[in-house]
Amino acid sequence: MNLHQPHRPATADRPNRPRARCLVACAVVVAVGLTACSSDDDADGTTTTAATTAAPTTATEAPALTEAPAPTGSAGTTEAPTTTAGPGGSVTLLAYDSFVTDGTSLGTALDAFTSATGVEVNVVIGGDAGTMVSKAVLTAGNPEGDVMFGIDNTLLSRAIDADVFDPYESTQHDALAPALTELVPGNEVTPVDYGDVCLNYDIAWFTDHDLAPPTDLQDLTDPRYRDLLVTENPASSSPGLAFLLASIAEFGSDGWQQWWTDLRDNGVDVVDSWDDAYYSQFSGSSGKGPRPIVVSYGSSPPAEVIYADPPRTDAPTAVVPATCFRQVEFAGVLRGAEHPDAARLLVDFLASPSFQSEVALNLFVYPARPDTSLPPEFTKYSVQPDHPLTVAPADIAAHREEWVDAWTEIVLR
Amino acid sequence: MNPADGAGTDARSATTLPRRLRLALIVAPLSFLLLFYAWPLVTLLRRVLRAGVVVDTLHRPGIVEVLWFTCWQAAASTVLTLVVGLGPAWLLARWSFPGRRLLTAITTVPFLLPTVVVGAAFLALLPDRFAGTPTAILVAHVFCNVAVVVRVVGALWTQLPRDLGGAARTLGASGFRAFREVTLPLLRPALVAAAAVVFLFTFTSFGVVQVLGGPRNPTIEVEIARRATQLGDVGGAAVLAMMQLIVLALLVAWSTRSQRRAATRFGLRRTRRARPITARQRALVALGALATAAAMLAPLVVLALRSLRPREGWTLRAWRTLGTTELRPGLTIGGDPIGALMTSLRTAVVATVIAVVLGGLASLAIAAAGRHGRMLDVGLMLPLGTSAVTIGLGMLITFDHPPVDWRGEPWIVPLGHALVGIPFVVRSTLPTLRARPPGWIDAAATLGASPTRSWWHIDVALLRRPLLVGAGFAAAISLGEFGATSFLTRAGRETLPITIARLLGRAGDLPRAQAFALATILAAVTIAVIAVIETLDREPRDG
């Protein structure tokens, strides 16, 4: 029943108060502690139900949704609210923690979806992408929501193997980049955006030291770049894993071990999280750490300009395109979803132009629709590689643990 | 006062209350524990634990090193924290001076700031060569946990009669000898309680170890999170969580036993704090207070400075753009810091009420009941030793169908916080109940009071001050809690630590500076909350 509850704090927090009152009552009527507290749970149940029925969306409206005709293209569903006002109801979107709807244009876009279809969107934040997928695997068949957004190609096979998704071919399928849709021939999920994990370097540092920045992965083992690189632990960080996969894509499943041995001898530093690497160790960020090369995102230089304080017109950092590993993010309908039809509408919407145009500045990724225009900073301060490094999702799922354990032995022990 | 005596009186007081009342006391905290802790944990274990998983996990290379490192850093952190914490505990428990309440509040803040933030502040403070070393972890652990010693030991220390030490010195003992042979043994139950809590916290330390220890020094808790969230190996994570739990359950069982045996019974009239009179006393108190304040505030000042100085030059931009202000048309960082602050405060109030009520009941039950009470005591400590990931995942697959379809309920978050807050309420209240001289009940009986009535007027009334201390802890824990919240939060109901962590995870000067601005706000609010609770705690009237 919670799935219908709108996520506005005012209504969401209402059930707290009766509970607190009841607990005070528990304290006073000590002797009947048991009965008081078991009825306490009932009290919560009834309060919540009341709040739910008072809300505009109720479970009784859900059957109407199933009779609705299948959606016909996102342009209609999102931009002509009066003509295609849909069947109402609600849908719950599971997303990773950087998916911020409160006061952002992502939230505005979802509101537009609601006014076009009548379907209210509740967002549930599932932690980082890895945590979200672990939770989805555990709850497969009885999911926390209807749609999951933000699962990437390094996690995808794990979820597909656990039968987390209901396959659905989006109405937007043909408008998305074929290189991305080809990753999921079974249409378990739909690509929404992609980004690159690349070496970033501190432009000023290399100018000051009269040194050319590295141009590919092999360069990093050169003594000229000794003690310059900081990367993340693939066991705890998504860019760290992407960088390990980049080395596997570049040097093959038999060659990457030697490269990392050399890299270790050449003084690579490893930290646990991206923000530690980028802010505490990297010299190009506001943290002004000691190392001029870091494993970060292809969109980090644009972010440095967009969020610069004081404002600036040149990026302090740049990417090395030949080192980029491509991360693709997908959305899919969860198997066992309570509102499967609304869920499909939402997946279509996530791949539609009105949502696609918001992803760059909100999530710092590239839209999966090639026809979407990009903010100028993205084209000016970052470079998209022509041939990004990649490893097939099935290979990642099959070997991830083995690779990470082997890496730990080589680099950390 | 000797162990045998303590155990004897314990058994005697257990028989004074009617059995029905004792049962009633135990029922609420016990049901809470079974429903929201034991059930989810068992559900998760039944789902993911297989013999093969156990064997695989235990044979993984490096697992012995992880275990060993976890144990020794926790032991070292605990000893250091006790040594360092005794000074401020003595200062705040024994002396009356202007700003004492504020100083108490300040020492509490490091304990509850999200560890991610503490880690970032320390990284900026400590010289580079300490980054990624066990030394950095130990220093940060001491900084975060001094509050436990100040609170738990201080609560008992304020009740030690001042003339005991004086009597020893009249008999010719040196100041140090009087402290070692009189004060220290009397403080022992509180010291053991504080040590157990600090050990629990440092054994399960996550954020500090992850930020300061680097990938070469993982604790079991860090390894659990990695396995469960990044590698998708929930089974392996559960095996490690069980190992951790077994170690900590043994420790807790030992420490509660030892606390019970060492329970000191003496007059409970709170000793009035003395004003420093001689020049030497004044200098000692002033220096001690200043040193404590400086050590506790330094990392907080670093946070504030970094919010004002993102790259170079001073600017208020991070503060001005907090909230939903557009940075430029179409571009906002998003989030609602004021809303998050309100959510945090509301959550803290509810969590504190639950923790105080259930913790108070549990304390009375533990003090009144015999063996069952002791089992409840250990049981209530277990959530502290269980990784948030495990409890979070357990709740996810337990409360997922009617009539317990609670996954999305907003009250599940303060409830999770209360689970962690209750043991603090128990630890703060139990020493006082155990220190109550059995003669008081006898005296009441002589005057014709029924056992229930004398219990109500003596034990329940005694709880007021320690309950306030426990409430402060519970509120503080709720304000700073991150792990479990991150599993149960929904959009629009973010607490402040979640918002901070999210901002820290983005590139660019401004989100970073905003995160530090919010951390500064969180620290300030916490100081205010604790200071208010401290002012509620007036000196007792005679009587």
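Visitor: Which side chain does the side chain of Thr229(B) join in a polar contact, and how should I read that term?

Guide: A polar contact is a pair of N or O atoms within 3.5 Å; within protein, one must be able to donate a hydrogen and the other to accept it, and residues adjacent in sequence count only if both atoms are side-chain atoms. Here the side chain of Thr229(B) meets that of Gln230(B) at 3.2 Å. A polar atom of the Thr229(B) side chain also lies 2.7 Å from the backbone oxygen of Ala225(B).

Visitor: What kind of model is this, and how are its parts numbered?

Guide: This is a predicted model, in which local features need pLDDT of at least 70 and side-chain atom pairs count only at pLDDT 80 or more, while totals for chains, interfaces and linings use all residues; side-chain values use heavy atoms, with hydrogens and water left out. Residues are numbered from 1 along each chain as its sequence is written, and chains are lettered from A and ligands numbered from 1 in the order in which they are written.

Visitor: Is Thr229(B) buried or exposed?

Guide: Buried means under 20% relative accessible area, exposed over 50%, and partly exposed in between (1.4 Å probe, protein chains only). Thr229(B) has 10% relative accessibility and so counts as buried. Lys380(A), in helix α17 (residues 376-381) of chain A, is exposed at 61%.

Visitor: In which helix is Thr229(B), and which residues does it contact beyond its sequence neighbours?

Guide: Helices (H or I, at least four residues) and strands (E, at least two) are DSSP runs, numbered from the N terminus. Thr229(B) belongs to helix α11 (residues 220-230) of chain B. Contact means heavy atoms within 4.5 Å. With neighbours within four places in sequence set aside, Thr229(B) contacts Gly130(A), Thr131(A), Ser134(A) and Arg158(A).

Visitor: How do I read the span and bend of helix α7 of chain B?

Guide: The expected span is 1.5 Å times one less than the number of residues. Helix α7 (residues 134-157) of chain B has 24 residues and reaches 32 Å from first C-alpha to last, close to the expected 34 Å. A bend at a residue is the angle between axes fitted to the seven residues ending there and the seven starting there. In α7(B), a bend of about 40 degrees falls at Asn145(B). This helix is largely enclosed by the rest of the structure, because 21 of its 24 residues are buried.

Visitor: Which residues have the most contacts inside the largest nonpolar core?

Guide: A nonpolar core is a set of buried Ala, Val, Leu, Ile, Met, Phe, Trp, Tyr and Cys residues joined through side-chain atoms within 4.5 Å. The largest has 122 residues, and those with the most contacts inside it include Val91(A), Phe149(A) and Phe355(A). Helix α24 (residues 509-536) of chain B gives the most to this core, 12 residues. Domain bounds come from an automatic or database domain assignment. The core lies between domain 1 (1-34 + 329-384 + 405-543) and domain 2 (62-215 + 277-309) of chain B, because both give residues to it. A second, separate core has 105 residues, among them Val152(B) and Trp406(B).

Visitor: How many helices and strands does each chain have?

Guide: Chain A has 18 helices and 10 strands, whereas chain B has 24 helices and 0 strands. Buried residues make up 61% of the 413 residues in chain A and 64% of the 543 residues in chain B.
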